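Here is a short report on selected features of a structure. Please have the sequence and the model open together.

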Amino acid sequence: MIQAILDAVSLGGVYALAALGLGLVFGVMRLVNFAHAELITVASYTLVMTHQFPLVVSIVLSVVAASLMALLMELLAYRRLRGSNPATMLIVSFGVSVLLQKVYELVFGALPRSASVATGLTGAFTVGGVSITIASVVTIVLAVVILLAMGYLIERTKLGLQLRAAASDFQTARLLGVRSNRLIASAFVISGALAAVVAFVNVVGNPQVDPRFGLDITILALVGIVVGGMNSLRGSALGGFIVGAVLSLLNVILGNGRVYAYSWMFVIVIVILLVRPGGILSKFATKERV
Amino acid sequence: MTLFEVRDLRAGYGKVDVLFGVSLTASKGELIGIVGPNGAGKSTLFGAIVGTVGLRGGSVFLDGEDISGKRPEDIVRRGLSLVPEGRQIFSGLSVIENLTLGLTGRRDKHGEKGALERVHDLFPVLTTHRDHQAGMLSGGQQQQLAIARALVADPRVLLLDEPSLGLSPTVVKDVFDRLIAIAESGTAVVIVEQRAHLVTRLAERTHVLRAGKLQATLTKEDAADEAKLTAAYFGNSGE
């Protein structure tokens, strides 16, 4: 049971980081960046391809790769679309996602690339007769540290203040001197760095990286930011955490019926959205459309 | 000496032209009014000046430098700030966070502390509510915050779009008294108002904008003549 709770908190933390990365970009651009999955994938490939390097070097390289990829996405694809309607940007992000998957396929092949990354984290230890995996503890610590650091960045720094202001009203923020290009680029770079952290945790648990490696977690993180409230960074992180934790617990609770874990999770998501249509932390009421 | 000049400005949205060659000037410490009915193009004029509405022709000069077509974030750094219509404060942020954002557009980063002190002197109520959420302030307090937020950037020219909107007469008088003080300190103040009488009695010159063109320019004395003002505002004798 303790391991199940730790796994739930651990998976929740990972999804919280993924959702926060998506939420940051959504906040400043109103872009649901579906291609966030490919940031996770490129970071994962980097970890696998550099597994023979010291772990720290490998991690730094994966952060650089994902951040650079995020920056290139912004410069080459999304910058010209600023001001377009969200549906247009979403479709373009699908396009970027598919294009990058094909690029990864050409470069790394369609079959999974595998390597042991951070082998020291794959063991387990026993506390009071309960076996606990090192990976789940490290994941929780990593998620907590990074979420706290992100909390500090967003709540206590000038960059964070500008990100919050831009998420609320970008045009007014620009009128006050907030540099739009720099701020959006920063959001993408941070989003890439968060994707790299998510990649690290996932690769440790499952070092079989293929071109669609980041897809599942990104889809569920997207569900998370809707559940938490798309207009709130705290909401995004909370929603991501809920989705990850609930999914993990359902897998344990359902036992042999775990094949229905996704179905039950979406039932819970629908119930949450029926009660809080704008998401758990959203301040905005829904508008009647029909 | 002219500090701010708009020369033959043309602007619009999509296929619709809204401004058809608007020109005006303001000197240091001057208070200029722009009045006109709904749809005259007043907010579009300010939008075109600060770079949020695309220019279709003409120029904007600030202290001799052509700033037309520059991005909003670059224009504020050159010393031209806008207090937008409806105040547009960040209601989820605190008062001090709103003011801190205003500092982003300052050229002189060393003077930030002094700038905050000056606006707290000018608007003491903001000190009282320093850590309160801006959205919890009254309408008048929010307007003061919007003006203070623009002022901390140390603008040489301050544009205000409908500063009286949604405010009671007492609060409007209070806000306009502060604007006079701001102009007296050397900042050129340009106010757009639909309620003409609020600005005509204060402004050295009031331009009447109608159908995207400046139709008349009135001195304080001209504007005191109700018939003259009405004729300029509505484009007829007012009968």
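The report covers a sheet and then a single residue.

## Basis

This is a predicted model: local features need pLDDT of at least 70, side-chain atom pairs count only at pLDDT 80 or more, and totals for chains, interfaces and linings use all residues. Residues are numbered from 1 along each chain as its sequence is written, while chains are lettered from A and ligands numbered from 1 in the order in which they are written.

## The sheet in chain B

Chain B holds an open sheet of 6 strands, ordered E6-E7-E8-E3-E9-E10, with mixed pairing. Strands (E, at least two residues) and helices (H or I, at least four) are DSSP runs, numbered from the N terminus. Two strands pair if DSSP finds at least two bridges between them. E6 (80-83) and E10 (213-219) of chain B are the edge strands; each has a single partner strand, so one side of each lacks a neighbour in the sheet. On average, neighbouring strands are turned by 20 degrees against each other, direction ignored.

Strand E9 (205-210) of chain B runs antiparallel to E10(B), with 6 bridges between them. In this pair, B:His207 stands opposite B:Thr217 of E10(B). Helix H7 (169-184) of chain B packs on the sheet and touches E3 (31-35), E7 (157-161) and E8 (188-193) of chain B. The direction of H7 makes about 150 degrees with that of E8(B). Axes are lines fitted to C-alpha atoms, for helices over the stretch in contact; angles run from 0 to 180 degrees between N-to-C directions.

## A:Leu250

A:Leu250 lies in helix H9 (233-253) of chain A. A:Leu250 is partly exposed, with 19 other C-beta atoms within 10 Å. Buried takes 20 or more such atoms, exposed 12 or fewer, and partly exposed falls in between; C-beta atoms are placed from the backbone.

Beyond neighbours within four places in sequence, A:Leu250 is in contact with A:Ala261, A:Trp264 and A:Met265. Contact requires C-beta atoms, placed from the backbone, to lie within 7 Å.

Notes. Two residues are in contact if their C-beta atoms, placed from the backbone, lie within 7 Å.
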